[in-house]
Each structure stands twice: as C-alpha cells, then as structure tokens.
Amino acid sequence: MWLALVLIIVLTVLSIYGAFIGAERAQQFFNQPTLAVYWTALAVLLIAGIAAFRRLLRVPGLLLMHAGCVLILVGGMWGSQGGHNIQKKLFGIDKIRSGRMAIYENSSENHVALDGIREQKELPFSLKLNDFRIEYYQPVYLQIETADGNVQQVIAEVGRQIDLGAEHGKAEIVRMFENFKMSIQDGKTTAYEDPSPGLNPALAVRITPPSGEATTHHVFSLHPGFGHTQGGPKMIYDRPAYRAISDYISELEVIDREGNIVAKKDIEVNHPLHYGGYHFYQSSYDDKAGQYTVLQVVSDTGLYVVYAGYWMLCLGVIWHLWLRHIFSRFKAKNT
Amino acid sequence: MEIKYTIQGLLVYMTIAAYLLAFVTTILRRQKVGHIIYLIGFAIAVCSFGYRWYHVRHVPLQNLFEVFLCLGMIYPVSLFCRRALRVGGYAADMLIGAIVLFPAGFVFNAQPQQLPPALQCWLFTPHVAVYMFSYIFMAKATFQAICQLAGRNPKPGENLLGPEESTYRIICIGFPLLTLGLILGSYWGKLAWGDYWGWDPKELWSLVSWLVFLGYFHFRYMFGKKHSRINSLWAIAGMAAIIITLLWVNLSRLFPGLHSYAT
C-alpha cells in the first residue's frame, strides 16, 4: 500500500511539474523512455496489487477500478508513439501515430505530414475534399429593390436566386468575397479574392432580365450604393463587421486504391471521420482564400482499450462509493 | 471590480444578500427563518441561472461568470448532505454560496458569448455540470476537514456525524463525480481535438485534483482515523488543487492551453 501511495504522490508531483511547462513540452516529458518505465511500473504494481490483495478480487467495485486503471495505462502505452514503434518492430504494423494532411477543394490526397518529424507517409486510401466552408452565427443578407419599389431580402449564399418579377427577370448570387479586389488586364476587368490581409466583403450578383442578356454586378458591404446602375435594381449587402464562427465543415469522400468511393462524411469540429484505423479531424484551413482544409490524422490503436478502462473505472467508482450503499440500505429496509 | 447594473447583476446581488442574511439569521439561532431566507436565495439563484440561459440561448456553463452562477445554486447539495448523509455545516453552505457568487457579481465579465465550434457538443453540459457538482461537494468536505482540524464537533442532540466521518462521506459522493468529469472531458477531448489526453495545464491540474483525493482514499484505507488530521489535510490539499484547476489555470498567463476560452 505504501508503494501505491508513493506512486500516486510521484504522479501528482509530475503532473504539477507538467502543468507548468506547457502542453507541448509536457507531452514530450511524459512520453520519454524514463517515464515509460514509470508507467510500466504503475501498471505492473496495479496487476500485482490485484493478484496480492484478496480484497481487490473480492470487492467488485475495487476490482473494476483497479483493472480499469490497468487498461487505461496499457491502452495509452500501446497507442503512444513508442507503442507504434514496438508494433512496427514486432509485428510489422506500420501505422501513422499522428500527422496532418492538407487537401485542396476537388482534389484527393493520401500524404500525411507526420507530427514532430519532417517526414511524409502515405495512407492506403485517399481523401477527396468536395467542399470546405465556414458557417457563422450571424447570417448575411442581400437586399434588392427594383425600380418599381419592390423590396426583397434574402440570406446571402452562393446559388441563391431571387425572382424580381416578370419585368425585371431574376437575380442570382454567384460568388461571395471576403476581400474583393479587381484587376485590369488588356482592358478586361477580373474580380478576385485577395488573400492578403484586408476586408472588403462583396457579392457578385448575376441579373438576368427577361430579354436574356445577363450582367454581373458587385455589391459591397462597406460601400453601399457603389455600382448602382441607372434604372437597375438597388442592392445592399447587409453584413455585420464581426461575425462569430459557428462551424468549420469539410465535405469528404474516402477513395480506395481502385478509385471507388468507400465512405462519405462531412466532418466538423466534434464530428471526426473514422476510417481504416484512423480518425480524421477538422484541424485548420486556408484562412486567406478558403481553398483547402487541413485535417489532423490520428491512429485509433489502443483507443478502445482505454475506453474500456474508462467504463470500468467509472462503473467501479460509482458502484463502490454509491450504489452498493444504496442497495444495502434498500435491503436493510426490506428485511 | 465592477458593479453590474443589469437585471442579471441585480439577481446575483439579491442572491448574495439573501444568502448572507440567511447566514446571519442562522448563527443568531433563528434556524427556521434562516432556512426560509436560504430557500428564497436559492429560488433567486435559479431565476438568475434561468435568465442567463434564456439570454445566451445555450446552457450557461461556458465561462467563469456562468460557472460561478451555477455554483451559487448550492441549496440542494446542503439539503442532501444534511438529510441523506447527516452532515452539518448548513450555515457554512450559505456563506459558501455567497462567496462563490461574489466573483460572478463583481469580478467576472458577464458579456454573453456564442459557443465556439469546439463547445458545440452533447458532452459540454454533462462534463461541466458533473464537475460543478463535485466541486460543491468537495468544498463542503473541505469545510468539514477544517472543522476537524479546528476541533469543532456537532453539538450533542443534533444527530450529525463528526467532521472526520463527514469529510469522508462527502468525498465519497464527490469523487465519482470528479472521476466522471475527468473521463467525460477526456472522451470529449478525443472528439474535438483528436486526443483523449493532451497534457494541457487544465487537464493536468484536474488530474492532480483527482490524484489527491485518490491519495486520500488510500491513506485513509491504510490508517483509518488514526491520523485524522492528515486525512483532513489531504482533503484540503484536494480542494486547493480544484481551486487552481478552476481559477488559476484560466486566469493566469502561466498556463496557456486549450481551455483558455473558459476565461
């Protein structure tokens, strides 16, 4: 028991030290070989304790708690970088522990840049990004007023169509810009999204009159009224200066080596994709032009052993400290 | 320190006032009146929490202001401890309620915030709520441990347990909640950040809190009530770790980490 208490105190002191050095250094610290000896000693002591102390075997709550801790330690070590290295040496299982992959819209990728080292590895399948988008809490609106005074307001999103009536035809939002810029080459103007820092939100709206000749107009949130044409509709891009992000979404397809789509998922924060022994998380994105997404790739080795340990620990603690007392009270009342 | 001239602020101040009045009335031996005022204070605390919920349109457990607002609803815990566990410290609970609401009323920013993507998860409410419950229980256990160190025992005829036994009983209730909070947080970390354990300062301090109470159980199992003062010191050390986890990690620049949105 003294040894158990000493190991608990040692882990407490190490955790306090780890909290002061920051997450990144703490991760390296707790994964170094010396600490692996400590983790192993802790797991061995727990197993020895279960074998040596009859009470731990007889009392189900205590058994569940201690066995749960063993599973958490074993699963954690098995799923660590060291565990992956051992699996490669012993069983030839060459799995990526963790890394990141950047995928451009409408292209597929299977290269993963490994965390901590300048090395890339290939996944046995590819991921295709169909679309990456950011959703906001505050919606943005396009207000459109035709010459006859008819006013309509719609949520501004690409593809949104507005019927302006028989006289004026229809309008469609064809593009949204965060930082609108325009280039002129050979007398031809081209609107583009400027990735450099700046804010000039704009919408490109295509207006198709009944006569059929479509024209594209740009509506600016910071410059209302700019670009209004004589006799044409008046448009206002209603967008707050600051918008809180509600979600990041990557629409993904998993493609096997034969080119077949084997899985589809729109991944978001808290909703990763699980495929082929890996979890894929929304990690970052192209904050300038929104053209690519960055996914975090994490191996699931050892994960379910840890989860089993969690269940056992929870059940054990709740049973031992709550339920068995409640049941014994009920029994005492009934007898 | 700022005074909040809002309905929310008013509700917080009314709760603090009711809890303090209930405390004074109780120590002046007007227990029944004190109980009624305590109950009124609790009702205002619930209204305050509900108002905040309506105002921000999500369960208000996102930042320190909201968390302390939740901690202020201490009444059911005191009632449970008194009725089911035969643990005293009823008047102290009123004071604890007023103390935890003080930072909500005068220190923390009450500006409503929208939930960032990482917090939009079904685990958000259970993870934070079980931690809050465990913290209230552990605060009560600490009060009993201090009573034990100070040699204060319940009066004969009160039908209450001694402070050492009371500390143990309350920790027995709080520890499973602490465990559940840690495990739910770890599971959520896997969903949101890709790892069930990220060695983040908040995670490590919450592990420290758990380990200290684990040490308490092991020590008490080894020696029973033989070293009851050391048992009490374990409990107080556990509460110190909880305070660091809840406050220092979020407010100090010493511990930058993934949980910084909670400030």
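How many helices and strands does chain A have? Chain A has seven helices and 17 strands. Both kinds of element are DSSP runs numbered from the N terminus, with helices (H or I) of at least four residues and strands (E) of at least two. The model is predicted: local features need pLDDT of at least 70, side-chain atom pairs count only at pLDDT 80 or more, and totals for chains, interfaces and linings use all residues. Residues are numbered from 1 along each chain as its sequence is written, while chains are lettered from A and ligands numbered from 1 in the order in which they are written.

The overall dimensions of chain A come next. Its radius of gyration is 30 Å, whereas a compact globule of 335 residues would have a value near 20 Å. The radius is taken over C-alpha atoms, and the globule rule is 2.2 Å times the number of residues to the power 0.38. Along the principal axes, the C-alpha atoms of chain A fill a box of roughly 90 × 60 × 45 Å.

One open sheet of chain A is built from eight strands in the order 14-13-3-2-1-17-16-15, with antiparallel pairing. Two strands pair if DSSP finds at least two bridges between them. Strand 14 (261-267) and strand 15 (273-275) of chain A are the edge strands; each has a single partner, so one side of each lacks a neighbour in the sheet. The twist averages 35° from one strand to the next. Within this sheet, strand 1 (residues 98-104) and strand 2 (residues 107-114) of chain A run antiparallel and are joined by two bridges. A:G99 stands opposite A:L114 of strand 2.

Another open sheet of chain A has three strands in the order 5-4-12, again with antiparallel pairing. Its edges are strand 5 (151-155) and strand 12 (234-238) of chain A, each with a single partner strand, so one side of each has no neighbour in the sheet. Here the twist averages 15° from one strand to the next. Five bridges join strand 4 (residues 141-145) of chain A to the antiparallel strand 12. A:Q143 faces A:I236 of strand 12 in this pairing.

The two chains also meet. Chain A contributes 38 residues in contact with 36 residues of chain B. Contact requires C-beta atoms, placed from the backbone, to lie within 7 Å. The largest share of the chain A side, 11 residues, comes from helix 1 of chain A. That side divides into 28 nonpolar residues, nine polar and one charged. Ala, Val, Leu, Ile, Met, Phe, Trp, Tyr, Cys and Pro count as nonpolar, Asp, Glu, Lys and Arg as charged, and the others, Gly among them, as polar.

In chain B, helix 3 (residues 64-71) packs against helix 5 (residues 90-106) at an angle of about 150°, with the axes 8 Å apart. This makes helix 3 of chain B roughly antiparallel to helix 5 of chain B. Axes are lines fitted to C-alpha atoms, for helices over the stretch in contact, and angles run from 0 to 180 degrees between N-to-C directions. Angles under 35 degrees count as roughly parallel, over 145 as roughly antiparallel, 65 to 115 as roughly perpendicular and the rest as oblique. B:F65, B:F68, B:L69 and B:L71 of helix 3 meet B:V100, B:L101, B:P103 and B:A104 of helix 5. The contact comprises eight nonpolar residues, no polar and no charged.

Key:
Two residues are in contact if their C-beta atoms, placed from the backbone, lie within 7 Å.
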